Amino acid sequence: MSRKQILYRLLQMVLVLLGISFITFCLVMLAPGDPVRQMIAGNEDIIVSQVEIDALRHELGLDQPFLFQYTSWLGRVLHGNFGFSFMMKKPVLDALLETLPATIILAVASSVFMLVFSIPLGIYTAVKQNTWFDYLIRGLTFAGVSVPNFWMGLVLLWIFALKLGLFPIVGGSISIENLILPMLTLGIVMTSKYTRQVRATVLEELNQDYVVGARARGMNESYILWKEVLPNALLPLITLFGLAFGSLLGGAAVVEIVFSWPGLGYTVVQAIIYRDFQTVQAIVLWIALMYMVINLVVDLSYNHLDPRLRKAGR
Amino acid sequence: MENLINGFKHNKAFRFTTCLVLLLILIAIAAPVISPYDPLEAVMRNANMEPSLQHLCGTDKLGRDVLSRILYGASYSLTSVLLLVAIIFVVGTTLGVLAGYYGGLIDTVIMRIADMMISFPGIILAIAIAGVMGGSLVNAMIALTVVTWTKYARLARSMVLKIKRRDFVEAAIVNGGTSPHILWTHIVPNILPLMVITAAADIGAMMMELAGLSFLGFGSQPPAPEWGLMLSEGRQQIQTAPWLMIFPGLAIFITVVIFNLWGDALRDVLDPRQDN
(Lines give C-alpha, C1' and ligand atoms only; values in the text may rest on other atoms or scores of the structure.)
Protein backbone atom coordinates (compact mmCIF):
# COMPACT_ATOMS: atom_id res chain seq x y z
CA MET A 1 0.00 0.00 0.00
CA SER A 2 1.31 3.38 -0.92
CA ARG A 3 1.20 6.30 1.46
CA LYS A 4 -1.73 7.68 -0.51
CA GLN A 5 -3.69 4.48 -0.06
CA ILE A 6 -2.98 4.44 3.66
CA LEU A 7 -4.16 8.03 3.97
CA TYR A 8 -7.28 7.13 2.02
CA ARG A 9 -7.94 4.20 4.35
CA LEU A 10 -7.51 6.41 7.41
CA LEU A 11 -9.91 8.97 5.98
CA GLN A 12 -12.42 6.25 5.23
CA MET A 13 -12.02 4.95 8.77
CA VAL A 14 -12.76 8.37 10.22
CA LEU A 15 -15.90 8.66 8.08
CA VAL A 16 -17.12 5.23 9.14
CA LEU A 17 -16.41 6.06 12.77
CA LEU A 18 -18.42 9.26 12.41
CA GLY A 19 -21.32 7.22 11.05
CA ILE A 20 -21.03 4.69 13.85
CA SER A 21 -20.85 7.46 16.44
CA PHE A 22 -24.09 8.83 15.00
CA ILE A 23 -25.74 5.42 15.29
CA THR A 24 -24.55 4.96 18.87
CA PHE A 25 -25.73 8.44 19.72
CA CYS A 26 -29.17 7.62 18.33
CA LEU A 27 -29.27 4.37 20.34
CA VAL A 28 -30.46 6.23 23.40
CA MET A 29 -33.49 7.53 21.54
CA LEU A 30 -34.66 3.96 21.00
CA ALA A 31 -35.24 3.54 24.71
CA PRO A 32 -38.88 3.58 25.70
CA GLY A 33 -39.66 6.23 28.32
CA ASP A 34 -37.43 9.09 29.41
CA PRO A 35 -33.80 7.99 29.00
CA VAL A 36 -32.50 10.67 31.32
CA ARG A 37 -34.72 9.54 34.18
CA GLN A 38 -33.62 5.96 33.55
CA MET A 39 -29.95 6.91 33.51
CA ILE A 40 -30.25 8.26 37.04
CA ALA A 41 -32.59 5.63 38.42
CA GLY A 42 -31.08 2.64 36.63
CA ASN A 43 -33.32 -0.39 36.96
CA GLU A 44 -34.01 0.38 40.58
CA ASP A 45 -37.36 1.72 41.60
CA ILE A 46 -36.26 4.97 43.18
CA ILE A 47 -37.90 8.36 42.96
CA VAL A 48 -35.96 10.86 40.89
CA SER A 49 -36.87 14.51 41.29
CA GLN A 50 -37.64 16.59 38.22
CA VAL A 51 -34.86 18.98 39.26
CA GLU A 52 -32.27 16.20 39.02
CA ILE A 53 -33.62 15.07 35.65
CA ASP A 54 -33.57 18.61 34.26
CA ALA A 55 -30.06 19.18 35.57
CA LEU A 56 -28.67 16.07 33.86
CA ARG A 57 -30.65 16.77 30.72
CA HIS A 58 -29.09 20.20 30.59
CA GLU A 59 -25.64 18.82 31.36
CA LEU A 60 -25.91 16.33 28.52
CA GLY A 61 -27.29 19.02 26.22
CA LEU A 62 -30.41 16.95 25.63
CA ASP A 63 -32.64 20.02 25.93
CA GLN A 64 -31.21 21.40 22.72
CA PRO A 65 -32.03 20.77 19.03
CA PHE A 66 -31.16 17.28 17.78
CA LEU A 67 -28.12 17.98 15.59
CA PHE A 68 -26.73 20.29 18.22
CA GLN A 69 -27.09 17.49 20.77
CA TYR A 70 -25.10 15.19 18.52
CA THR A 71 -22.26 17.62 17.84
CA SER A 72 -21.89 18.56 21.48
CA TRP A 73 -21.89 14.86 22.45
CA LEU A 74 -19.31 14.12 19.77
CA GLY A 75 -17.20 17.02 20.99
CA ARG A 76 -17.20 15.64 24.53
CA VAL A 77 -16.41 12.12 23.31
CA LEU A 78 -13.46 13.37 21.28
CA HIS A 79 -12.12 14.91 24.44
CA GLY A 80 -12.34 11.54 26.13
CA ASN A 81 -15.39 12.52 28.15
CA PHE A 82 -17.88 9.69 27.79
CA GLY A 83 -19.98 10.90 30.70
CA PHE A 84 -20.64 9.48 34.14
CA SER A 85 -21.67 5.90 34.77
CA PHE A 86 -24.46 5.76 37.30
CA MET A 87 -24.08 1.99 37.42
CA MET A 88 -20.43 1.98 38.41
CA LYS A 89 -20.44 5.37 40.14
CA LYS A 90 -17.42 6.63 38.24
CA PRO A 91 -16.63 8.28 34.91
CA VAL A 92 -17.38 5.97 31.98
CA LEU A 93 -13.85 6.26 30.63
CA ASP A 94 -12.35 4.95 33.88
CA ALA A 95 -14.76 2.04 33.92
CA LEU A 96 -13.96 1.32 30.27
CA LEU A 97 -10.24 1.24 30.89
CA GLU A 98 -10.75 -1.11 33.83
CA THR A 99 -12.76 -3.65 31.81
CA LEU A 100 -10.62 -3.47 28.71
CA PRO A 101 -7.77 -5.74 29.93
CA ALA A 102 -10.16 -8.62 30.67
CA THR A 103 -11.54 -8.57 27.13
CA ILE A 104 -8.11 -8.32 25.55
CA ILE A 105 -6.71 -11.15 27.68
CA LEU A 106 -9.61 -13.41 26.75
CA ALA A 107 -9.40 -12.50 23.07
CA VAL A 108 -5.65 -13.08 22.91
CA ALA A 109 -5.81 -16.34 24.87
CA SER A 110 -8.57 -17.80 22.71
CA SER A 111 -6.86 -16.68 19.49
CA VAL A 112 -3.62 -18.35 20.57
CA PHE A 113 -5.59 -21.50 21.33
CA MET A 114 -7.25 -21.22 17.93
CA LEU A 115 -3.98 -20.75 16.02
CA VAL A 116 -2.19 -23.56 17.83
CA PHE A 117 -4.84 -26.09 16.87
CA SER A 118 -6.40 -24.88 13.67
CA ILE A 119 -3.31 -24.20 11.57
CA PRO A 120 -1.71 -27.66 11.88
CA LEU A 121 -5.11 -29.36 11.62
CA GLY A 122 -6.18 -27.27 8.63
CA ILE A 123 -2.95 -27.87 6.73
CA TYR A 124 -2.81 -31.56 7.57
CA THR A 125 -6.42 -32.23 6.54
CA ALA A 126 -5.89 -30.32 3.29
CA VAL A 127 -2.83 -32.41 2.46
CA LYS A 128 -4.52 -35.65 3.50
CA GLN A 129 -7.78 -34.82 1.79
CA ASN A 130 -10.50 -37.52 1.92
CA THR A 131 -8.73 -39.75 4.41
CA TRP A 132 -10.47 -40.92 7.58
CA PHE A 133 -8.65 -38.26 9.59
CA ASP A 134 -9.89 -35.56 7.23
CA TYR A 135 -13.47 -36.82 7.56
CA LEU A 136 -13.15 -36.95 11.35
CA ILE A 137 -11.87 -33.39 11.61
CA ARG A 138 -14.42 -32.14 9.11
CA GLY A 139 -17.19 -33.78 11.13
CA LEU A 140 -15.94 -32.37 14.42
CA THR A 141 -15.46 -28.87 13.05
CA PHE A 142 -18.90 -29.00 11.45
CA ALA A 143 -20.34 -29.76 14.87
CA GLY A 144 -18.16 -27.01 16.32
CA VAL A 145 -19.55 -24.31 14.04
CA SER A 146 -23.11 -25.45 14.73
CA VAL A 147 -22.96 -25.33 18.50
CA PRO A 148 -24.08 -22.12 20.21
CA ASN A 149 -21.07 -20.88 22.17
CA PHE A 150 -23.11 -20.05 25.27
CA TRP A 151 -24.43 -23.58 25.45
CA MET A 152 -20.94 -24.98 24.99
CA GLY A 153 -19.86 -22.70 27.85
CA LEU A 154 -22.62 -23.97 30.11
CA VAL A 155 -21.80 -27.60 29.33
CA LEU A 156 -18.08 -27.07 30.00
CA LEU A 157 -18.97 -25.25 33.21
CA TRP A 158 -21.20 -28.10 34.27
CA ILE A 159 -18.65 -30.82 33.50
CA PHE A 160 -15.39 -29.20 34.61
CA ALA A 161 -16.53 -26.89 37.39
CA LEU A 162 -19.48 -28.73 38.89
CA LYS A 163 -18.89 -32.42 38.22
CA LEU A 164 -15.10 -32.53 38.32
CA GLY A 165 -14.55 -29.49 40.52
CA LEU A 166 -11.46 -28.42 38.58
CA PHE A 167 -12.39 -24.77 38.21
CA PRO A 168 -14.31 -22.18 40.24
CA ILE A 169 -18.00 -21.90 39.35
CA VAL A 170 -18.37 -18.19 39.87
CA GLY A 171 -15.74 -16.07 38.17
CA GLY A 172 -15.90 -12.32 38.47
CA SER A 173 -12.18 -11.62 38.53
CA ILE A 174 -9.22 -12.01 36.22
CA SER A 175 -7.17 -15.09 37.04
CA ILE A 176 -5.76 -18.09 35.24
CA GLU A 177 -8.30 -20.51 36.65
CA ASN A 178 -11.18 -18.21 35.72
CA LEU A 179 -9.74 -17.73 32.26
CA ILE A 180 -9.41 -21.35 31.16
CA LEU A 181 -13.07 -22.26 30.65
CA PRO A 182 -14.13 -19.14 28.71
CA MET A 183 -10.93 -19.47 26.66
CA LEU A 184 -11.77 -23.11 25.88
CA THR A 185 -15.35 -22.22 24.96
CA LEU A 186 -14.41 -19.47 22.54
CA GLY A 187 -11.31 -21.37 21.43
CA ILE A 188 -13.15 -24.53 20.43
CA VAL A 189 -15.81 -22.67 18.45
CA MET A 190 -13.24 -20.44 16.74
CA THR A 191 -10.91 -23.36 16.05
CA SER A 192 -13.71 -25.20 14.27
CA LYS A 193 -14.40 -22.25 12.04
CA TYR A 194 -10.78 -21.38 11.35
CA THR A 195 -9.66 -24.97 10.70
CA ARG A 196 -12.23 -25.18 7.91
CA GLN A 197 -10.99 -21.90 6.48
CA VAL A 198 -7.33 -22.96 6.65
CA ARG A 199 -8.17 -26.26 4.98
CA ALA A 200 -10.14 -24.56 2.19
CA THR A 201 -7.42 -21.98 1.56
CA VAL A 202 -4.58 -24.51 1.47
CA LEU A 203 -6.63 -26.83 -0.76
CA GLU A 204 -7.25 -24.02 -3.20
CA GLU A 205 -3.52 -23.29 -3.39
CA LEU A 206 -2.71 -26.99 -3.79
CA ASN A 207 -4.89 -27.08 -6.90
CA GLN A 208 -3.05 -24.22 -8.60
CA ASP A 209 -1.09 -24.79 -11.77
CA TYR A 210 2.26 -23.96 -10.21
CA VAL A 211 1.89 -26.90 -7.82
CA VAL A 212 1.21 -29.24 -10.73
CA GLY A 213 4.25 -27.75 -12.47
CA ALA A 214 6.45 -28.19 -9.44
CA ARG A 215 5.34 -31.80 -9.07
CA ALA A 216 6.01 -32.41 -12.77
CA ARG A 217 9.53 -31.13 -12.29
CA GLY A 218 9.90 -33.75 -9.61
CA MET A 219 10.14 -31.44 -6.65
CA ASN A 220 9.82 -32.87 -3.21
CA GLU A 221 6.23 -32.68 -1.79
CA SER A 222 7.26 -31.16 1.51
CA TYR A 223 9.33 -28.52 -0.28
CA ILE A 224 6.28 -27.59 -2.39
CA LEU A 225 4.11 -27.41 0.71
CA TRP A 226 6.40 -25.37 2.95
CA LYS A 227 8.16 -23.14 0.46
CA GLU A 228 5.53 -22.61 -2.21
CA VAL A 229 2.01 -23.31 -0.98
CA LEU A 230 2.02 -22.04 2.58
CA PRO A 231 3.56 -18.62 1.89
CA ASN A 232 0.85 -18.08 -0.72
CA ALA A 233 -1.89 -19.26 1.62
CA LEU A 234 -0.67 -16.94 4.35
CA LEU A 235 -2.26 -13.74 3.05
CA PRO A 236 -5.92 -14.83 2.98
CA LEU A 237 -5.37 -16.53 6.32
CA ILE A 238 -4.16 -13.32 7.92
CA THR A 239 -7.27 -11.49 6.72
CA LEU A 240 -9.47 -14.21 8.13
CA PHE A 241 -7.54 -14.13 11.39
CA GLY A 242 -8.05 -10.37 11.64
CA LEU A 243 -11.80 -10.84 11.22
CA ALA A 244 -11.84 -13.68 13.74
CA PHE A 245 -9.92 -11.69 16.34
CA GLY A 246 -12.14 -8.67 15.78
CA SER A 247 -15.28 -10.70 16.20
CA LEU A 248 -13.90 -12.03 19.49
CA LEU A 249 -13.92 -8.52 20.90
CA GLY A 250 -17.65 -8.13 20.40
CA GLY A 251 -18.89 -11.66 20.00
CA ALA A 252 -17.54 -12.85 23.31
CA ALA A 253 -20.31 -10.97 25.14
CA VAL A 254 -22.51 -13.99 25.70
CA VAL A 255 -19.60 -16.16 26.84
CA GLU A 256 -18.40 -13.44 29.19
CA ILE A 257 -21.88 -13.46 30.75
CA VAL A 258 -21.87 -17.25 31.18
CA PHE A 259 -18.58 -17.15 33.08
CA SER A 260 -19.01 -13.72 34.71
CA TRP A 261 -15.76 -12.70 33.03
CA PRO A 262 -15.54 -8.94 33.71
CA GLY A 263 -14.83 -7.76 30.15
CA LEU A 264 -16.47 -5.31 27.75
CA GLY A 265 -19.25 -7.70 26.72
CA TYR A 266 -20.17 -8.48 30.31
CA THR A 267 -20.16 -4.79 31.19
CA VAL A 268 -22.23 -3.73 28.18
CA VAL A 269 -24.96 -6.23 29.03
CA GLN A 270 -24.97 -5.11 32.68
CA ALA A 271 -25.09 -1.49 31.54
CA ILE A 272 -28.05 -2.18 29.25
CA ILE A 273 -29.94 -3.92 32.04
CA TYR A 274 -29.11 -1.03 34.37
CA ARG A 275 -30.13 1.51 31.66
CA ASP A 276 -26.68 3.09 31.92
CA PHE A 277 -26.78 4.38 28.35
CA GLN A 278 -23.57 6.40 28.35
CA THR A 279 -21.58 3.27 29.18
CA VAL A 280 -23.39 1.38 26.40
CA GLN A 281 -22.54 4.08 23.87
CA ALA A 282 -18.92 4.19 24.96
CA ILE A 283 -18.43 0.42 24.71
CA VAL A 284 -20.08 0.11 21.30
CA LEU A 285 -17.94 2.93 19.96
CA TRP A 286 -14.81 1.50 21.54
CA ILE A 287 -15.37 -1.98 20.10
CA ALA A 288 -15.95 -0.48 16.65
CA LEU A 289 -12.70 1.43 16.93
CA MET A 290 -10.67 -1.61 17.99
CA TYR A 291 -12.18 -3.75 15.25
CA MET A 292 -11.30 -1.20 12.59
CA VAL A 293 -7.78 -0.67 13.87
CA ILE A 294 -7.18 -4.43 13.76
CA ASN A 295 -8.38 -4.61 10.19
CA LEU A 296 -6.19 -1.69 9.25
CA VAL A 297 -3.17 -3.38 10.81
CA VAL A 298 -3.99 -6.52 8.84
CA ASP A 299 -4.08 -4.54 5.61
CA LEU A 300 -0.81 -2.85 6.44
CA SER A 301 0.83 -6.19 7.18
CA TYR A 302 0.14 -7.14 3.56
CA ASN A 303 2.69 -4.57 2.62
CA HIS A 304 5.41 -6.54 4.31
CA LEU A 305 4.20 -9.97 3.28
CA ASP A 306 3.31 -9.53 -0.36
CA PRO A 307 6.22 -8.40 -2.55
CA ARG A 308 3.83 -7.61 -5.42
CA LEU A 309 2.11 -4.96 -3.34
CA ARG A 310 5.41 -3.55 -2.16
CA LYS A 311 6.46 -3.00 -5.72
CA ALA A 312 3.16 -1.44 -6.74
CA GLY A 313 3.32 0.90 -3.80
CA ARG A 314 6.44 2.64 -4.93
CA MET B 1 -37.59 -25.27 -9.14
CA GLU B 2 -36.65 -27.83 -11.75
CA ASN B 3 -33.17 -27.93 -10.23
CA LEU B 4 -34.67 -28.62 -6.84
CA ILE B 5 -36.72 -31.55 -8.10
CA ASN B 6 -33.75 -32.95 -10.01
CA GLY B 7 -31.55 -32.48 -6.98
CA PHE B 8 -34.10 -34.28 -4.86
CA LYS B 9 -34.07 -37.19 -7.28
CA HIS B 10 -30.33 -37.47 -7.81
CA ASN B 11 -28.52 -35.88 -4.87
CA LYS B 12 -28.58 -38.23 -1.90
CA ALA B 13 -27.36 -35.65 0.62
CA PHE B 14 -29.99 -33.16 -0.47
CA ARG B 15 -32.76 -35.76 -0.27
CA PHE B 16 -31.69 -36.83 3.20
CA THR B 17 -31.27 -33.34 4.66
CA THR B 18 -34.51 -32.11 3.10
CA CYS B 19 -36.29 -34.97 4.83
CA LEU B 20 -34.67 -33.94 8.13
CA VAL B 21 -35.81 -30.33 7.66
CA LEU B 22 -39.32 -31.51 6.83
CA LEU B 23 -39.25 -33.71 9.92
CA LEU B 24 -38.32 -30.70 12.05
CA ILE B 25 -41.16 -28.68 10.57
CA LEU B 26 -43.51 -31.61 11.12
CA ILE B 27 -42.47 -31.78 14.78
CA ALA B 28 -43.07 -28.07 15.11
CA ILE B 29 -46.54 -28.31 13.57
CA ALA B 30 -47.48 -31.44 15.46
CA ALA B 31 -46.23 -30.14 18.83
CA PRO B 32 -49.74 -29.79 20.33
CA VAL B 33 -50.49 -33.41 19.40
CA ILE B 34 -47.24 -35.11 20.39
CA SER B 35 -46.43 -33.10 23.52
CA PRO B 36 -47.23 -35.13 26.59
CA TYR B 37 -48.09 -32.06 28.72
CA ASP B 38 -49.13 -28.43 28.46
CA PRO B 39 -45.87 -26.40 28.08
CA LEU B 40 -47.19 -23.51 30.17
CA GLU B 41 -49.02 -25.40 32.89
CA ALA B 42 -47.24 -25.07 36.22
CA VAL B 43 -47.61 -28.03 38.58
CA MET B 44 -45.73 -26.93 41.65
CA ARG B 45 -45.56 -30.32 43.34
CA ASN B 46 -43.66 -31.64 40.29
CA ALA B 47 -41.03 -28.89 40.38
CA ASN B 48 -37.43 -29.73 39.41
CA MET B 49 -37.98 -33.41 38.77
CA GLU B 50 -35.11 -35.34 37.19
CA PRO B 51 -35.64 -36.93 33.78
CA SER B 52 -37.82 -40.01 34.23
CA LEU B 53 -40.32 -42.07 32.28
CA GLN B 54 -43.11 -39.62 33.13
CA HIS B 55 -41.01 -36.59 32.20
CA LEU B 56 -38.36 -37.68 29.67
CA CYS B 57 -36.44 -34.41 29.96
CA GLY B 58 -37.41 -33.59 33.54
CA THR B 59 -39.39 -30.60 34.78
CA ASP B 60 -38.42 -27.00 35.57
CA LYS B 61 -38.81 -25.01 38.78
CA LEU B 62 -42.50 -24.44 38.05
CA GLY B 63 -43.08 -28.12 37.39
CA ARG B 64 -43.52 -27.60 33.64
CA ASP B 65 -42.55 -30.55 31.45
CA VAL B 66 -39.27 -29.72 29.67
CA LEU B 67 -39.89 -32.07 26.73
CA SER B 68 -43.24 -30.43 25.99
CA ARG B 69 -41.64 -27.01 26.23
CA ILE B 70 -38.90 -28.05 23.80
CA LEU B 71 -41.45 -29.45 21.33
CA TYR B 72 -43.57 -26.32 21.50
CA GLY B 73 -40.32 -24.34 21.36
CA ALA B 74 -39.62 -25.94 17.98
CA SER B 75 -42.60 -24.17 16.45
CA TYR B 76 -41.80 -20.98 18.33
CA SER B 77 -38.10 -20.92 17.44
CA LEU B 78 -38.51 -22.17 13.87
CA THR B 79 -41.26 -19.70 13.05
CA SER B 80 -39.33 -16.78 14.45
CA VAL B 81 -36.03 -17.70 12.79
CA LEU B 82 -37.61 -18.41 9.39
CA LEU B 83 -39.52 -15.14 9.59
CA LEU B 84 -36.33 -13.32 10.56
CA VAL B 85 -34.35 -14.76 7.64
CA ALA B 86 -37.23 -13.92 5.28
CA ILE B 87 -37.31 -10.31 6.50
CA ILE B 88 -33.55 -9.88 6.20
CA PHE B 89 -33.64 -11.52 2.76
CA VAL B 90 -36.37 -9.21 1.47
CA VAL B 91 -34.96 -6.02 2.97
CA GLY B 92 -31.35 -6.73 1.96
CA THR B 93 -32.12 -7.99 -1.53
CA THR B 94 -34.52 -5.15 -2.32
CA LEU B 95 -32.06 -2.47 -1.23
CA GLY B 96 -29.21 -4.20 -3.04
CA VAL B 97 -31.17 -4.55 -6.27
CA LEU B 98 -32.27 -0.93 -6.14
CA ALA B 99 -28.71 0.22 -5.47
CA GLY B 100 -27.30 -1.89 -8.28
CA TYR B 101 -29.98 -1.12 -10.84
CA TYR B 102 -30.46 2.61 -10.36
CA GLY B 103 -26.94 3.52 -9.25
CA GLY B 104 -26.24 7.17 -8.49
CA LEU B 105 -27.36 8.70 -5.24
CA ILE B 106 -29.49 5.73 -4.15
CA ASP B 107 -26.49 3.46 -4.63
CA THR B 108 -24.14 5.75 -2.74
CA VAL B 109 -26.43 6.17 0.24
CA ILE B 110 -27.34 2.49 0.57
CA MET B 111 -23.83 1.18 0.04
CA ARG B 112 -22.10 3.67 2.36
CA ILE B 113 -24.48 2.60 5.13
CA ALA B 114 -23.70 -1.02 4.26
CA ASP B 115 -19.94 -0.34 4.37
CA MET B 116 -20.36 1.19 7.77
CA MET B 117 -22.32 -1.72 9.20
CA ILE B 118 -19.88 -4.27 7.83
CA SER B 119 -16.84 -2.62 9.32
CA PHE B 120 -17.64 -3.51 12.86
CA PRO B 121 -18.88 -6.55 14.75
CA GLY B 122 -22.63 -6.66 14.27
CA ILE B 123 -23.55 -8.75 17.27
CA ILE B 124 -22.52 -6.07 19.76
CA LEU B 125 -24.72 -3.51 17.96
CA ALA B 126 -27.56 -6.03 17.86
CA ILE B 127 -27.20 -6.57 21.61
CA ALA B 128 -27.20 -2.81 22.20
CA ILE B 129 -30.20 -2.13 19.95
CA ALA B 130 -32.30 -5.01 21.26
CA GLY B 131 -31.31 -4.28 24.85
CA VAL B 132 -31.93 -0.55 24.79
CA MET B 133 -35.28 -0.97 23.01
CA GLY B 134 -36.29 -3.41 25.73
CA GLY B 135 -36.34 -7.19 25.57
CA SER B 136 -38.92 -8.66 23.20
CA LEU B 137 -38.82 -11.05 20.29
CA VAL B 138 -39.84 -8.31 17.85
CA ASN B 139 -37.07 -5.99 19.04
CA ALA B 140 -34.49 -8.78 18.79
CA MET B 141 -35.60 -9.44 15.21
CA ILE B 142 -35.39 -5.74 14.35
CA ALA B 143 -31.89 -5.56 15.83
CA LEU B 144 -30.65 -8.59 13.89
CA THR B 145 -32.21 -7.26 10.67
CA VAL B 146 -30.45 -3.93 11.13
CA VAL B 147 -27.04 -5.57 11.42
CA THR B 148 -27.43 -8.38 8.85
CA TRP B 149 -29.23 -6.89 5.81
CA THR B 150 -25.98 -5.45 4.45
CA LYS B 151 -24.63 -8.88 3.50
CA TYR B 152 -27.60 -9.49 1.20
CA ALA B 153 -27.54 -5.97 -0.17
CA ARG B 154 -23.89 -6.24 -1.17
CA LEU B 155 -24.35 -9.64 -2.78
CA ALA B 156 -27.51 -8.63 -4.66
CA ARG B 157 -25.93 -5.38 -5.85
CA SER B 158 -22.81 -7.06 -7.19
CA MET B 159 -24.89 -9.59 -9.12
CA VAL B 160 -27.23 -6.94 -10.52
CA LEU B 161 -24.24 -4.94 -11.75
CA LYS B 162 -23.01 -8.00 -13.66
CA ILE B 163 -26.39 -8.92 -15.14
CA LYS B 164 -27.23 -5.35 -16.08
CA ARG B 165 -24.54 -5.45 -18.74
CA ARG B 166 -25.74 -8.68 -20.32
CA ASP B 167 -27.27 -8.58 -23.81
CA PHE B 168 -30.75 -9.66 -22.86
CA VAL B 169 -31.10 -6.74 -20.45
CA GLU B 170 -29.79 -4.30 -23.03
CA ALA B 171 -32.24 -5.78 -25.54
CA ALA B 172 -35.10 -5.30 -23.08
CA ILE B 173 -34.09 -1.68 -22.60
CA VAL B 174 -33.89 -1.09 -26.36
CA ASN B 175 -37.30 -2.67 -26.79
CA GLY B 176 -38.68 -0.07 -24.42
CA GLY B 177 -39.12 -2.26 -21.36
CA THR B 178 -39.99 -0.33 -18.23
CA SER B 179 -37.74 -0.53 -15.19
CA PRO B 180 -40.18 -2.57 -13.08
CA HIS B 181 -40.65 -4.98 -15.97
CA ILE B 182 -36.90 -5.43 -16.47
CA LEU B 183 -36.31 -5.86 -12.76
CA TRP B 184 -39.01 -8.46 -12.29
CA THR B 185 -38.64 -10.54 -15.44
CA HIS B 186 -34.93 -10.28 -16.19
CA ILE B 187 -32.94 -9.37 -13.14
CA VAL B 188 -34.63 -10.75 -10.04
CA PRO B 189 -35.10 -14.30 -11.41
CA ASN B 190 -31.41 -14.41 -12.26
CA ILE B 191 -30.12 -13.40 -8.87
CA LEU B 192 -32.63 -15.38 -6.87
CA PRO B 193 -30.90 -18.80 -6.72
CA LEU B 194 -27.70 -17.45 -5.18
CA MET B 195 -29.66 -15.25 -2.77
CA VAL B 196 -31.74 -18.23 -1.67
CA ILE B 197 -28.60 -20.30 -1.12
CA THR B 198 -27.19 -17.55 1.06
CA ALA B 199 -30.40 -17.29 3.05
CA ALA B 200 -30.62 -21.05 3.55
CA ALA B 201 -27.02 -21.19 4.76
CA ASP B 202 -27.81 -18.37 7.20
CA ILE B 203 -30.73 -20.04 8.98
CA GLY B 204 -28.47 -21.88 11.42
CA ALA B 205 -26.38 -18.84 12.29
CA MET B 206 -29.48 -16.66 12.73
CA MET B 207 -31.00 -19.27 14.99
CA MET B 208 -27.93 -19.13 17.24
CA GLU B 209 -27.91 -15.34 17.33
CA LEU B 210 -31.61 -15.10 18.08
CA ALA B 211 -31.22 -17.70 20.83
CA GLY B 212 -28.19 -15.74 22.09
CA LEU B 213 -30.23 -12.57 22.43
CA SER B 214 -32.99 -14.46 24.22
CA PHE B 215 -30.34 -16.01 26.45
CA LEU B 216 -29.20 -12.53 27.46
CA GLY B 217 -32.80 -11.58 28.19
CA PHE B 218 -33.11 -9.27 25.18
CA GLY B 219 -35.28 -11.58 23.08
CA SER B 220 -38.29 -13.69 23.92
CA GLN B 221 -39.74 -13.13 27.38
CA PRO B 222 -41.07 -15.66 29.90
CA PRO B 223 -43.11 -17.78 29.85
CA ALA B 224 -42.52 -18.35 26.12
CA PRO B 225 -41.09 -21.83 25.46
CA GLU B 226 -38.19 -20.45 23.42
CA TRP B 227 -34.97 -22.47 23.50
CA GLY B 228 -32.56 -19.60 24.19
CA LEU B 229 -34.76 -18.34 26.99
CA MET B 230 -35.08 -21.85 28.46
CA LEU B 231 -31.28 -22.08 28.46
CA SER B 232 -31.05 -18.82 30.35
CA GLU B 233 -33.57 -20.06 32.92
CA GLY B 234 -31.72 -23.35 33.15
CA ARG B 235 -28.43 -21.57 33.71
CA GLN B 236 -29.59 -20.30 37.08
CA GLN B 237 -30.19 -23.88 38.21
CA ILE B 238 -27.15 -25.47 36.65
CA GLN B 239 -26.11 -26.93 40.02
CA THR B 240 -29.43 -28.40 41.05
CA ALA B 241 -31.11 -29.18 37.72
CA PRO B 242 -28.59 -29.45 34.86
CA TRP B 243 -31.18 -31.07 32.56
CA LEU B 244 -32.84 -27.66 32.27
CA MET B 245 -29.89 -26.37 30.28
CA ILE B 246 -28.79 -29.57 28.55
CA PHE B 247 -31.93 -30.39 26.58
CA PRO B 248 -32.85 -26.96 25.16
CA GLY B 249 -29.21 -26.48 24.10
CA LEU B 250 -29.22 -29.89 22.45
CA ALA B 251 -32.38 -28.88 20.58
CA ILE B 252 -30.71 -25.71 19.25
CA PHE B 253 -27.57 -27.66 18.33
CA ILE B 254 -29.43 -30.40 16.42
CA THR B 255 -31.60 -27.88 14.59
CA VAL B 256 -28.61 -25.78 13.59
CA VAL B 257 -26.72 -28.87 12.38
CA ILE B 258 -29.70 -29.92 10.25
CA PHE B 259 -30.13 -26.49 8.70
CA ASN B 260 -26.39 -26.13 8.06
CA LEU B 261 -26.24 -29.53 6.34
CA TRP B 262 -29.32 -28.67 4.32
CA GLY B 263 -27.84 -25.30 3.36
CA ASP B 264 -24.68 -27.01 2.07
CA ALA B 265 -26.66 -29.58 0.11
CA LEU B 266 -28.92 -26.90 -1.36
CA ARG B 267 -25.87 -24.99 -2.57
CA ASP B 268 -24.60 -28.07 -4.36
CA VAL B 269 -27.97 -28.54 -6.03
CA LEU B 270 -28.71 -24.94 -6.99
CA ASP B 271 -25.32 -23.55 -7.85
CA PRO B 272 -24.22 -24.95 -11.21
CA ARG B 273 -20.87 -23.16 -11.09
CA GLN B 274 -19.58 -25.29 -8.24
CA ASP B 275 -17.15 -27.79 -9.67
CA ASN B 276 -16.91 -30.25 -6.81
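## Contacts within chain A

Two residues are in contact if their C-beta atoms, placed from the backbone, lie within 7 Å. This is a predicted model. Take the contacts in chain A between residues at least 6 apart in sequence: 72% of them join residues at least 24 apart.

## Chain A overall

Chain A has 314 residues, and 37% of them count as buried. Its secondary structure comes to 14 helices and two strands. Along the principal axes, the C-alpha atoms of chain A fill a box of roughly 85 × 60 × 30 Å.

## Where chain B touches chain A

Chain B brings 33 residues to the contact, and chain A brings 35 residues. On the side of chain B that touches chain A, five elements each supply at least two residues: helix H4 (104-118), helix H5 (122-133), helix H8 (179-216), helix H9 (227-235) and helix H10 (243-270). The largest share comes from H5(B), with nine residues.

What classes of residue make up this side of chain B? It has 23 nonpolar residues, eight polar and two charged.

## Helix H7 of chain B

Helix H7 of chain B spans residues 167-174. How many of its eight residues are buried? The count is zero, and the helix is hardly covered. A residue needs 20 or more other C-beta atoms within 10 Å of its own to be buried.

Methods
Residues are numbered from 1 along each chain as its sequence is written. Chains are lettered from A and ligands numbered from 1 in the order in which they are written. This is a predicted model: local features need pLDDT of at least 70, side-chain atom pairs count only at pLDDT 80 or more; totals for chains, interfaces and linings use all residues. Helices (H or I, at least four residues) and strands (E, at least two) are DSSP runs, numbered from the N terminus. Ala, Val, Leu, Ile, Met, Phe, Trp, Tyr, Cys and Pro count as nonpolar, Asp, Glu, Lys and Arg as charged, and the others, Gly among them, as polar. A residue is buried if 20 or more other C-beta atoms lie within 10 Å of its own, exposed if 12 or fewer, and partly exposed in between; C-beta atoms are placed from the backbone.
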